Amino acid sequence: MFRLDSTKKDAQSAVAVRPVISLRDRHRFIRFPHRLYADDPNYCAPLDAMVWEQTSRRLNPWFEHGEAQFYLAFRGDRVVGRISAQVDQMHLKQHDDGAGFFGFFEVEEDPEAARALLTTAEDWCRSRGMERIRGPFSLSINEESGLLVDGFDTPNYIMMPHGRPYYDEFVTGAGFEKAMDLYAWQYSRERIPEYAFEMADAAKDHPGVTIRDLDMDNIERDVRIIMDIFNEAWSKNWGFVPLTEAELDKMAQEFKLIVDPELCMIAEVDGDPAAMTVALPNINEAFRDLDGKLLPGGWAKVLYRLKVKSPKTFRCVLLGIRKKYRKVAMGGLSVLLYTTIYKRAFDKGYELAEAGWTLETNKGINQGMELMGAERYKTYRVYEKEL
């Protein structure tokens, strides 16, 4: 247990960081952000049940190749922060870089507590032989990634974190440096230029090119096609970690609950899957006033807002093209998928969209986003520290 005493504070108010062990601890870990962001109208909390499943060694297949410890920071009996420390064997196998990670980082405006939490995560990773610590990832780069450093004035979308402006100062003050920035982009119908639709039409007319919706009757098959394209298209990206079969199975089950099949597409060239895109309704809209709880009455509200009222925003989560098809139709497959998905969504009543994230170093993709009329409106930062 990390303990930081201060001569200006009595023993009762010293910072103590303790591992999450009991059910009560876990409940406090999950509920802490609700109190922290109670005054922030732009914070959209996931359901407590979703975080419970994500942090469950029994329910989350990430734990088949990863190990994590969750911590709470206290001043007396008051929880003032939380963090996770984790090691992912899939990441180590892919990159062999000796990196452990931290995640779920939330803390009051209390630099001592922040430093205590980060030091605890460092010590845990060091005890497992790691040479550096990187984050935040909750729990992996395929889930919530980075600390928000720009764009605090708008709500967070599905699978994207929010944050407090002081976090960057706390993390850098603990000796961390920037490893990578991740960009989120915003779209509206009015911002998509006409030439994008002309490029899409040219790609659609290219011999052998077809696009089809996600087949809900064969969703397990289509999720594997999507992830096979993803694994090839993103394999050289910074921090990439492939998904396991168990994680794919879990993803397919979750898709059945929230996906709009008309917003997920696979492009084929002569019948061969060549490219894909996945967009999800922004279910955070349905949760905003529930305080993370489904009972009493929360289930009914969520079902009504998702199935009857429908969200007005969505997030384009993935887009990938197999390497051998990147020059098909003069590279127009990505434009075809983007314009098709946004036209369909806006015709169905969606009003605003987020795409991303993208790596700051991916100049081609970022220039393409701008050419498509997207506005870079949020930046998330990943940090690293040598151990």
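Which residues form a nonpolar patch on the surface? They are Leu23, Trp52 and Leu59, with about 290 Å² of accessible area together. Accessible areas here come from the Shrake-Rupley method with a 1.4 Å probe, and for residues only the protein chains shown count as cover. Patches are made of residues with over 30% relative accessible area and no salt bridge; like charges are joined within 9 Å, and nonpolar side chains (Val, Leu, Ile, Met, Phe, Trp, Tyr) within 5 Å.

Before I go on, a word on the source. This is a predicted model, in which local features need pLDDT of at least 70 and side-chain atom pairs count only at pLDDT 80 or more, while totals for chains, interfaces and linings use all residues. Residues are numbered from 1 along each chain as its sequence is written, and side-chain values use heavy atoms, with hydrogens and water left out.

Back to Leu59. This residue sits in the loop between helix H2 (48-54) and strand S3 (66-75). Helices (H or I, at least four residues) and strands (E, at least two) are DSSP runs, numbered from the N terminus. Leu59 counts as partly exposed, at 33% relative accessibility. Buried means under 20% relative accessible area, exposed over 50%, and partly exposed in between (1.4 Å probe, protein chains only).

Nine of the ten residues of S3 are buried. Two strands pair if DSSP finds at least two bridges between them. S3 is joined to strand S2 (residues 15-19) by five bridges, and the two run antiparallel. Pro19 has Tyr71 in S3 as its bridge partner. Ten bridges join S3 to S4, again antiparallel, and Gly66 stands opposite Asp88 in S4. The hairpin of S3 and S4 has two residues between the strands, and there Gly76 takes a positive phi near 65°.

Now look at Gln86, in strand S4 (residues 78-88). Is Gln86 buried or exposed? Its relative accessible area is 0%, so Gln86 is buried. Its side chain reaches the backbone oxygen of Phe137 at 2.7 Å. Leaving out residues up to four places away in sequence, Gln86 touches Trp62, Gly100, Trp124 and Leu139, among others. Contact means heavy atoms within 4.5 Å.

Next, charges. Side chains of opposite charge can pair when their charged atoms come close. A salt bridge is a side-chain nitrogen of Lys or Arg within 4 Å of a carboxyl oxygen of Asp or Glu. By this rule the count comes to 35 salt bridges.

One of them is between the side chains of Glu384 and Arg134 (2.5 Å, N to O). Glu384 lies in strand S16 (residues 375-386) and Arg134 in strand S6 (residues 132-135), so this pair ties together parts that are 250 residues apart in sequence. Arg134 is buried, at 7% relative accessibility.

Another joins Asp181 and Lys178, with the closest N and O atoms 3.7 Å apart. Asp181 is buried at 5% relative accessibility, whereas Lys178 is partly exposed at 42%.

In a further salt bridge, between Asp228 and Arg322, the closest N and O atoms are 2.9 Å apart. Asp228 is in helix H7 (residues 219-233) and Arg322 in the loop between strand S14 (313-321) and helix H11 (333-347), so the pair links parts of the chain 94 residues apart. Asp228 is partly exposed at 41% relative accessibility, and Arg322 is buried at 12%.

Lastly, salt bridges that share partners join Asp97, Glu131, Arg132, Arg134, Glu384 and Glu386 into one network.

Conventions:
Polar contact = N/O pair within 3.5 Å; in protein donor to acceptor, adjacent residues only side chain to side chain.
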